[in-house]
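Subject: A structure for you to explore

Hi there,

Here is the structure I promised to pass on to you. Have a look around it first, and then read my notes below.

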Amino acid sequence: MALNLQDILESESLPTLPEVARRVLEIAQQPEPDMEELIAVVKADPAISARILKTANSALFGVRYRAASIESAIPLLGLNLVRMLVMGFALSAARTSRASTVKPWYQLLWKQSLFQAASAETLAHYVAGADPANWFLAGLLQDVGRLAMLSADENTYIMEVLSSLDDSKIEDLERSAFGFSHTDVSMQLCDRWMLGDEFVDAIATHHDTSDFVMAGDKGHPTLATALKTSAIVVDYFEKVVSDRSCNRQVLDQLLMLVFGIAPDEITETLADIDARATQIAAMFSVDIGSNRSLERILEDANELLFEIATQNQLRCLNIDPGSTDKSQWKDELTHVYGRSVLKAASTEYDRTIRQNLSSGVVFVDIDNFGSLNLHHGESLGDEALRRIASVVRQVIRPDDFVIRFGGDEFLIYLPNATPELVARISRRLHKRIAEIRLSCTEDILISASIGAIAVAADRKAGNLDLVTKEAQKATQKARSLGGNQCAVFLRTNGKLTPLQAAEPCIA
């Protein structure tokens, strides 16, 4: 007969906390934690002390000064980071089955937990006031119930739950086999370990990812949002290894709209999470099996997403994506779209409006381009155009349109983009263009005047031609302020209001 929840919690095989971990958790709950008491508790366990001192002097957590003793290491690390390390060391040391048939399952669950922890920690760096150590620990423990259930009843949990290999149904399978889910176990354990209501409440909802991308915490993400996002990150990592073209739209929306990560930073952020998880696994001496670096896979997947988006956009123009004649849609110099693709962009704009979705139009005009050609030659001007086109492609999303509108002008259409995202992409693009250095003996700086219109979802959204003209006027406004400026306006109910004051780009 399957175990009940109380059996799981009282199981001898359940990961138990040593005395040092229990005392550290108690100290962390004090209104004014006593650091001297914390040092004394940690010093009482020589093994934990040695590992914390080693960690403090590694590059893992960016501690600026070398610690010669545990007395100096703990103040440098801080209470929350010490608590996280002690909990991680304690849980990773817990006894697990050595049977060769069971070991891969423990590796899988530990790998998922560590990747979720690394993801939550990374996201904390994008949120004002968030403590990366706290978010790491929450990410590590959000699925600790799965490890507990596996430890307590290996055969049932493997046969009835894990063998399905479908994480989307894990909780349903667990309830069917046991009458409760790993989330229930995780919450009970975190409550027992006195980790606080924030942890318990966040873990309670970390698998509920329905319609929360645009929820009230947009721009003000909570721990609960971070745990949900971390679960989606791990799910994407597992899928992208076998299917480079797997859908990443929900994850991208979360990272961009909720955590404020620029589109061109997403692949790098995901690669950092992968590397961080591998480092943490080594620190905790956890065997997560062979782990091929995801960085190249993520880059390949990103390129494939752009390729798929381009093919879909060409089909809207009734152009065969496999045609060898690319002159009918591609600009020969910059390799972005030519003006002939405006029709497809207009069709996409109209579809977005019909679906009551917001969007954006960004107009880019290179400053002093005529002077650049005159004084340095057309070859350098061509290089500037190619470099800017490349930067634009890096900054935007796969489904966005980039069109060479004129000699030194680019039009960018951002379907299904919130005003916040339009402003963020415009600012990011402005900054990246100013960082371009041309390949010549002189230090030639490139800048652009950028005008952007964030179009609210309403009946007076106009058409793409009208909004493009408004974006051009916004660009003229930026240039009238001296160039190298970015002016963003919100179009709502047919009226334009400044969304972001024009500001100089600081390279």
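Leaving aside neighbours within four places in sequence, which residues is D331 in contact with? They are V336, Y337, G338 and R404. You can find D331 in the loop between α17 (295–316) and α18 (342–354). With R404, the contact includes a polar one of 3.3 Å between the two side chains. D331 has a relative accessible area of 15%, so it counts as buried, the cut-off being under 20%.

Now for the whole chain. Please keep in mind that this is a predicted model. The protein chain has 22 helices and 6 strands, and its C-alpha atoms fill a box of roughly 75 × 50 × 45 Å along the principal axes. Of its 507 residues, 53% are buried. If you take the contacts with a separation of 6 or more, 69% of them are between residues 24 or more positions apart. The accessible surface comes to about 23,000 Å², and carbon and sulfur atoms account for 48% of that. As for charge, there are 50 positive and 68 negative side chains, and the centres of these two sets lie 5 Å apart.

How confident is the prediction? The average pLDDT is 85, and 90% of the residues score at least 70. Confidence is highest in strand β3 (residues 409–414), with a mean of 96, and lowest in strand β6 (residues 495–504), with a mean of 66. Over residues 501–507 the pLDDT stays under 50, although the model still has 19 contacts for them beyond four places in sequence. Where pLDDT is low, the predicted coordinates should not be read in detail.

V362 sits in strand β1 (residues 359–366). Is V362 buried or exposed? Its relative accessibility is 1%, so V362 counts as buried. Not counting residues up to four places away in sequence, V362 touches F410, L411, I412, L414, S426, I450, G451 and A452. For a sense of scale, pick out A152 too: it is 210 residues from V362 in sequence, and the two C-alpha atoms are 57 Å apart.

R397 lies in the loop between α20 and β2 (401–406). It counts as buried because its relative accessibility is 13%. What does the side chain of R397 make a polar contact with? One partner is the side chain of D400, at 2.7 Å. A polar atom of the R397 side chain also lies 3.2 Å from the backbone oxygen of N416. Beyond four places in sequence, the contacts of R397 include M256, P263, F306 and L421.

E383 belongs to helix α20 (residues 378–395). E383 counts as buried because its relative accessibility is 13%. Leaving out residues up to four places away in sequence, E383 touches L438 and S439.

E171 is in helix α11 (residues 170–178). Its side chain and that of S181 are joined by a polar contact of 3.3 Å. Beyond its neighbours within four places in sequence, E171 is in contact with S181, H182, T183 and H207. From E171 to H182 is 11 residues in sequence and 7.0 Å in space, C-alpha to C-alpha.

Last, two residues to check for their backbone angles. Most residues other than glycine have a negative phi. M194, which is not a glycine, has a positive phi of about 60°. It is in the loop between α12 (182–192) and α13 (197–204), and its relative accessibility of 34% is why M194 counts as partly exposed. N493 is also a residue other than glycine with a positive phi, near 55°. Look for N493 in the loop between β5 (485–492) and β6.

Best wishes

Key. Residues numbered from 1 in each chain as written. Predicted model: local features only at pLDDT ≥ 70, side-chain atom pairs only at ≥ 80, totals over all residues. Heavy atoms only, no water. Helix = DSSP H or I, 4+ residues; strand = E, 2+ residues; numbered from the N terminus. Buried < 20%, exposed > 50% of the residue type's maximum accessible area, 1.4 Å probe, protein only. Contact = heavy atoms within 4.5 Å. Areas by Shrake-Rupley, 256 points an atom, 1.4 Å probe, with all protein chains shown as cover. Lys, Arg positive; Asp, Glu negative; His and termini not counted. Charge placed at Lys NZ, Arg CZ, Asp CG, Glu CD. pLDDT = per-residue confidence, 0-100. Polar contact = N/O pair within 3.5 Å; in protein donor to acceptor, adjacent residues only side chain to side chain.
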